[in-house]
Amino acid sequence: MRIPTTGLSREQVFETLASYKKQDMPWKEGRTWAYLYVTERETESVIKQAYMEFLSENALDPTVFPSLLRLENEVVSMAARHLQGDSEVVGNFTSGGTESIILALKTARDYFRHHHPHIQRGEVILPVTAHAAFHKGCDYLGLKKVLVDVDPVTFRAIPERMKEAITPNTIMLVGSAISYAHGCVDPIREIAALALEHGLLCHVDGCMGGFLLPYFRRLGEPVEDFEFNVPGVTSISMDLHKYAFAAKGASVILHRNKALRRFQFWACANWTGYTMVNPTVQSTKSGGPLAGAWAALNFIGDAGYLDMARVMLEATRKIADYIDSHPDLYILGKREMNLLAFTSDTVNVFHIIDEMKQKAWYIQPQLGFRGSKENIHLSINPVSAPLVEDFLRDLGECVERAKALPSGELATGIRGFLEGINPADLTDEMLGTLLSTAGVAGHQLPERMAEINEILNSLPTELAEQVLISFLNNLYVQPE
Ligand SMILES: *Cc1c(COP(=O)(O)O)cnc(C)c1O
């Protein structure tokens with residue numbers, strides 16, 4: 001494909017864009033139970049307008065755009081207050097949870113390089129329920145990941161296990177409030193106390209739960225403390241583009257104090273261009289996401305968020321009650337917010353997901369890993385609340401249909417094919433054969449994903465990762 005010789009008309013541009021969108025998930029109707037955080041139309045339009053007003057402003061240099069500096073300081077201040085921060089707590093606006101987490105890890109790495117330079121390769125202790133972003137950050141930053149199992153019933157981190165994993169190279173302990181997969185809050189008080197006792201940093205991943213949990217607590221839910229009022233917590237990440245309903249590209253990273261935050265920053269006077277000093281990973285960055293987040297917090301307001309939390313809590317209770325009373329389904333862990341993971345010992349959950357897709361519902365598969373059986377994830381939105389009855393009726397029907405479908409044959413065959421192969425020796429050709437056996441031709445995904453999910457679920461993790469990378473490497477193939 002080439003850049004068109006002469007530009008398209010305005011109409012052509014938007015018609016083409018609209019036509020490209022047609023195959024996307026119909027998320028506005030509330031039928032998509034992951035990836036999206038949707039409010040009603042009026043709020044959405046205010047956020048979009050604020051985003052557009054600041055789309056072109058560049059947060060690269062806050063001295064040139066004092067508006068952006070002010071917006072960022074106000075957003076971070078509201079976030080810090082929301083999480084019980086005192087006047088010492090400082091932070092920055094980032095593009096998302098992953099960036100906030102990478103920055104928390106960089107801070108820990110550089111803090112220890114400064115204060116304990118004998119540590120060659122810092123170790124980060126991660127409960128297996130910690131978000132994949134920590135793996136990504138450790139991989140990018142050259143840190144060692146130390147995985148520890150969680151309680152097989154509650155899916156909460158076990159502080160005793162984390163303590164056993166501490167070595168002289170440990171730099172940080174991680175807890176989640178809530179974990180993405182099961183929606184559970186780790187025992188942050190105990191984890192943070194352990195960090196204090198051993199002179200370690202302690203990061204709380206509040207990307208998903210940080211914003212909403214305080215509202216759930218105000219509604220009477222038993223939410224344990226995870227915020228800056230817990231001694232030993234040194235940083236918290238909190239996404240605004242999840243349950244604060246900001247436009248995508250909005251998160252904050254908060255630190256206990258400035259002395260810690262120093263290590264997040266990066267400066268360079270060692271080249272021929274403008275002086276570089278960046279608080280976050282991006283350099284040139286649009287002011288749009290920041291203005292959108294500011295607009296969300298200010299337009300919805302505390303009372304608005306509390307109302308939405310109430311709607312989500314009620315919807316979640318209805319869904320959880322249904323699953324609890326269903327003979328074939330059960331919830332993993334204890335529900336603490338509005339995220340649920342449920343599974344079955346009698347029905348193949350991947351078939352349930354495919355059947356639901358036939359009825360235009362998107363629900364998310366999660367593969368089995370270290371004590372967490374393969375399952376279905378639901379993130380519950382306020383816009384989905386009026387659909388709960390329909391959703392549960394369809395879910396019940398899909399469970400029955402899934403029971404009648406065969407499973408396991410292809411996955412067993414493919415596992416046999418790959419048995420004994422060292423992941424490093426896998427060639428793209430071998431993976432191509434594997435994917436085509438599973439019905440993936442070129443970059444076309446099959447209608448039904450159950451077989452592919454079963455295969456991924458049955459492979460050793462390293463092999464599964466190679467298969468996924470190969471798939472992506474084929475997906476992003478540019479048109480001629
Ligand atoms: C979403 C999420 C992240 C990662 O955030 P992104 O915004 O997707 O980069 C990290 N931790 C938890 C618990 C999350 O839910």
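Here are legends for a few close-up views of this predicted model.

View 1. Let's start with the neighbours: 13 residues surround the ligand. The closest are G97, T98, D205, H241 and K242. If you sort the shell by residue type, you get five nonpolar, five polar and three charged residues. Which helix gives the largest share of this shell? That's helix α4, covering residues 97-115, which supplies three residues.

View 2. Now zoom in on individual atoms. The side chain of T98 has an N or O atom 2.5 Å from an oxygen atom of the ligand. With D205, the ligand atom involved is a nitrogen, and the distance to an N or O atom of the side chain is 2.6 Å. How much of the ligand does the protein bury? Taken alone, the ligand exposes 380 Å², and the protein buries 85% of that.

View 3. Take L17 as an example: you'll find L17 in helix α1, which runs over residues 10-21.

**View 4. A cis peptide bond.** Check out the link from A177 to I178. This peptide bond is cis, and its omega is near 0°. As for where to look, I178 is in the loop between β4 (170-176) and α7 (188-198).

**View 5. A360 and its positive phi.** A360 isn't a glycine, yet its phi is positive, at about 65°. Look for A360 in the loop that links α11 (349-358) and β12 (364-366). With a relative accessibility of 38%, A360 counts as partly exposed.

**View 6. R370, another residue with positive phi.** What is the phi of R370? It's near 35°, a positive value in a residue other than glycine. R370 belongs to the loop between β12 and β13, the latter being residues 375-379. Its relative accessibility is 39%, so R370 counts as partly exposed.

Conventions. Residues numbered from 1 in each chain as written. Predicted model: local features only at pLDDT ≥ 70, side-chain atom pairs only at ≥ 80, totals over all residues. Heavy atoms only, no water. Near = heavy atom within 4 Å. Polar contact = N/O pair within 3.5 Å; in protein donor to acceptor, adjacent residues only side chain to side chain. Areas by Shrake-Rupley, 256 points an atom, 1.4 Å probe, with all protein chains shown as cover. Helix = DSSP H or I, 4+ residues; strand = E, 2+ residues; numbered from the N terminus. Nonpolar A, V, L, I, M, F, W, Y, C, P; charged D, E, K, R; others polar. Buried < 20%, exposed > 50% of the residue type's maximum accessible area, 1.4 Å probe, protein only.
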